[in-house]
Amino acid sequence: MTTPDHPSVHPAWLPDAATSFLRGRTVRVVGDGPLAETVRGEARRAGATLVDGDADLVLRDTGAVPGGEGFVVAHGDGHLDVAADDDAALLHAWFHVVRTGTTDPAGHADGRHEPAHALRMLDHWDNVDVHPVMGQVERGYSGGSIFYADGRVREDLSRVEQYARLLAATGVNRVAINNVNVHAREARLLTDGLPDVARVAAAFRPWGVRVHLSVSFASPIVLGGLATSDPLDPDVRAWWAGAVARVHEAIPDFGGFVVKADSEGQPGPFAYGRDHADGANLLARALAPYGGTVHWRAFVYDHAQDWRDRSTDRARAAYDHFAPLDGRFDENVVVQVKHGPMDFQTREPVSPVLAAMPRTRLAVELQVTQEYTGQQRHACYLGPWWSEILRFRPWGPVEGDDGSPTVSDVVGGAGPGASPQVAAARGGGIAAVSNVGDDAFWTGHPLAQANLYAFGRLAWDPALDPTDVLDEWVSLTFASPSVAGDRAIDPDVRAALHDVLDDSWRTYESYTAPLGVGFMVNPGHHYGPSVDGYEYSPWGTYHFADRDGIGVDRTRATGTGYTGQYPAPWRDVYESLDTCPDELLLFFHHVPYGHVLHDGTSVVQHVYDTHFAGVERVEAYVRTWEGLRGTVDDAVFERVAERLAEQLRSAREWRDQVCTYFLRASGVADAHGRRIY
Ligand code: GCW
């Protein structure tokens with residue numbers, strides 16, 4: 001589907017103007033792997049001349065490090081010479097040159113480039129059928145699925161091929177193509193759907209992206225007709241072994257399974273008195289002969305909680321379930337951990353699970369789709385947030401960089417105490433929920449493309465500056481043939497995009513989620529403000545605001561004890577009101593409204609101030625964008641303008657509801673006398 005008024009699909013990054021600097025250049029590609037052919041196709045598409053002899057750009061597949069994916073850029077005699085580990089690396093090297101925007105050796109530093117993480121994966125929460133409540137793409141804000149239509153895998157997969165090319169240009173190398181909530185129809189992708197899944201895999205293969213499936217733990221029952229899916233039952237084991245053998249016959253490079261088990265109603269090993277390690281290893285052993293991986297999600301908690309019960313804390317759940325299992329998972333199991341202990345909120349602390357399982361391959365899971373960050377109606381560039389997460393040091397120091405391990409190191413298999421197996425496998429890498437659909441702009445909000453781009457780039461190199469990554473995306477996306485020079489960008493366009501996006505995550509936080517309070521959203525669809533939306537619900541997502549104060553006491557001294565799941569120094573930093581960072585204050589502590597923050601403001605005044613300031617920022621975004629009318633593509637301009645208008649409306653709604661709620665609750669007037677209802 002494309003929107004009726006924009007019948008053609010917008011090219012996202014990599015329009016032809018982005019490769020115009022290659023027109024007329026000579027390129028030599030040495031290598032005979034299938035991805036070498038893809039690189040030749042890209043060179044032709046860019047208008048370069050493929051030659052066998054001397055060339056401006058020489059790309060060689062040396063085959064020296066199969067699976068290495070890295071490449072070395074060197075200055076040849078008046079040309080640029082790139083030696084690639086394997087043919088996947090050849091493709092990465094090609095897009096590296098495209099990003100850099102020149103084949104002139106002077107524009108390149110000598111050196112080796114390689115991904116920090118071996119597994120860089122996007123998970124699609126796409127359903128084959130349109131789900132009555134969730135729609136076709138669960139938490140999708142970009143139209144329908146690019147994979148499925150009319151109850152089956154699409155006949156025409158050209159859109160998937162375009163998507164694969166976009167992903168290859170960011171470095172993503174794995175994709176799971178169906179929702180982790182596996183419904184009856186989707187479960188069958190594993191069996192009678194295989195020929196179609198094989199077609200999807202064929203669309204991704206030339207771009208170096210391997211396909212994975214989400215599977216139901218109850219498959220032996222629902223697909224195999226067995227009476228049980230007990231992981232220790234020999235018939236169940238045999239069923240999975242047979243199922244995986246058939247998958248590999250159809251798709252020799254099949255990546256593996258993603259599993260959400262015993263979570264939010266999905267079936268799992270608990271029904272048989274078994275644990276998550278039993279469950280994950282069952283699937284891992286079926287996949288092992290073929291080199292496949294199980295991504296087993298750690299998003300497990302009680303979603304049928306009683307709000308009256310103050311002893312249960314959802315934030316504790318993943319650690320309580322998984323940390324005791326460290327060391328029990330097979331080598332081809334990756335335990336996939338949401339970055340925070342709750343659920344992709346605008347601000348959460350980093351999950352303590354990431355510091356608790358040195359003998360397990362861990363992946364950190366991010367959410368590119370903006371479920372809780374504006375649903376692709378609000379501009380919210382998440383690069384800075386992910387960068388904070390990936391650079392967080394679970395063992396300190398609290399400030400500064402002394403080379404101590406980061407979250408990125410942990411999921412790269414280089415955390416403290418990592419077992420030899422975890423180190424050898426380079427951990428479990430980085431996964432994220434995709435934000436793409438069949439929308440003409442791919443992501444609903446055209447500027448939400450920047451998040452998809454940034455995910456791939458930060459998964460490749462978490463040390464990149466997120467603002468630089470944004471700038472790359474701007475250059476590759478808004479390259480305009482009408483501006484003089486190779487791949488030139490109108491400086492006003494570049495400046496405006498930075499203006500709107502650089503701090504947009506903090507802006508979003510300022511009017512929606514003060515001091516680490518989350519979930520003040522409308523239940524179900526999660527869009528727009530509802531301060532008490534989840535306060536008396538079974539989901540375990542409370543803020544406990546009353547007339548005196550707000551926040552969740554998660555201390556060891558008087559609260560749920562969650563702070564004790566962290567190693568030092570964080571267990572103590574978060575425990576103490578003196579040292580707990582303001583932005584997470586209400587995540588860890590229940591405080592009176594008059595509690596004074598480190599910047600000298602009271603909690604309730606901070607709530608007022610940030611909400612008013614956030615709306616002013618959005619007003620400025622609207623003005624900045626308006627200044628681009630006639631400068632950027634009309635369709636893009638209009639779509640963004642329409643989204644910004646909604647963002648402004650919604651931000652005002654957030655400001656007025658949240659400020660009014662806390663004025664009424666606290667009785668404390670705004671020090672600046674602004675209008676609160
Ligand atoms: O964020 C929550 C979403 C669910 C989702 C779940 C999960 C796929 O509200 O829609 O289900 O997380 O991550 O499994």
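With a relative accessibility of 5%, Thr 103 counts as buried, a term that here denotes under 20% relative accessible area, with exposed meaning over 50% and partly exposed the range in between (1.4 Å probe, protein chains only). The model is predicted, so that local features need pLDDT of at least 70 and side-chain atom pairs count only at pLDDT 80 or more, whereas totals for chains, interfaces and linings use all residues. Residues are numbered from 1 along each chain as its sequence is written, and side-chain values use heavy atoms, with hydrogens and water left out.

Thr 103 is located in the loop between α2 (87–100) and β6 (111–113); helices (H or I, at least four residues) and strands (E, at least two) are DSSP runs, numbered from the N terminus. When residues up to four places away in sequence are not counted, Thr 103 touches Phe 21, Leu 22, Arg 25, Asp 56, Leu 57, Leu 80 and Val 97, contact being defined as heavy atoms within 4.5 Å. Thr 103 and Ala 116 are 13 residues apart in sequence, and their C-alpha atoms are 25 Å apart in space.

Helix α2 packs against α3 at an angle of about 80°, with the axes 8 Å apart. This makes α2 roughly perpendicular to α3. Axes are lines fitted to C-alpha atoms, for helices over the stretch in contact, and angles run from 0 to 180 degrees between N-to-C directions; those under 35 degrees count as roughly parallel, over 145 as roughly antiparallel, 65 to 115 as roughly perpendicular and the rest as oblique. From α2, Leu 91, His 92, Phe 95 and Arg 99 meet Arg 165, Ala 168 and Ala 169 of α3. The residues of this contact comprise four nonpolar, one polar and two charged, where Ala, Val, Leu, Ile, Met, Phe, Trp, Tyr, Cys and Pro count as nonpolar, Asp, Glu, Lys and Arg as charged, and the others, Gly among them, as polar.

Helix α3 (residues 158–170) also approaches α13 (residues 449–460), their axes coming within 8 Å and crossing at roughly 45°. The arrangement of α3 relative to α13 is therefore oblique. Here Tyr 163, Leu 167 and Thr 170 of α3 meet Leu 452, Tyr 453, Gly 456 and Arg 457 of α13. By class, four nonpolar, two polar and one charged residues form the contact of α3 with α13.

Rings of Phe, Tyr and Trp (its six-membered ring) pair if their centres lie within 6.5 Å, with planes under 30 degrees apart counted as stacked, over 60 as edge-to-face and the rest as tilted; the count comes to 31 aromatic pairs. Phe 147 and Phe 204 form a tilted pair, at 6.1 Å centre to centre and 45° between the planes. Because Phe 147 lies in the loop between β9 (135–137) and β10 (148–149) and Phe 204 in helix α5 (residues 194–204), the pair ties together parts that are 57 residues apart in sequence. Both Phe 147 and Phe 204 are buried. Phe 322 and Phe 329 form a stacked pair, with 6.5 Å between centres and 15° between the planes, and both residues are buried.

Arg 554 lies over the face of Phe 587, at 4.3 Å from the ring centre. The charged end of Lys 338 sits over the ring of Phe 299, 3.2 Å from its centre; the criterion is NZ of Lys or CZ of Arg within 6 Å of the ring centre and within 35 degrees of the ring normal.
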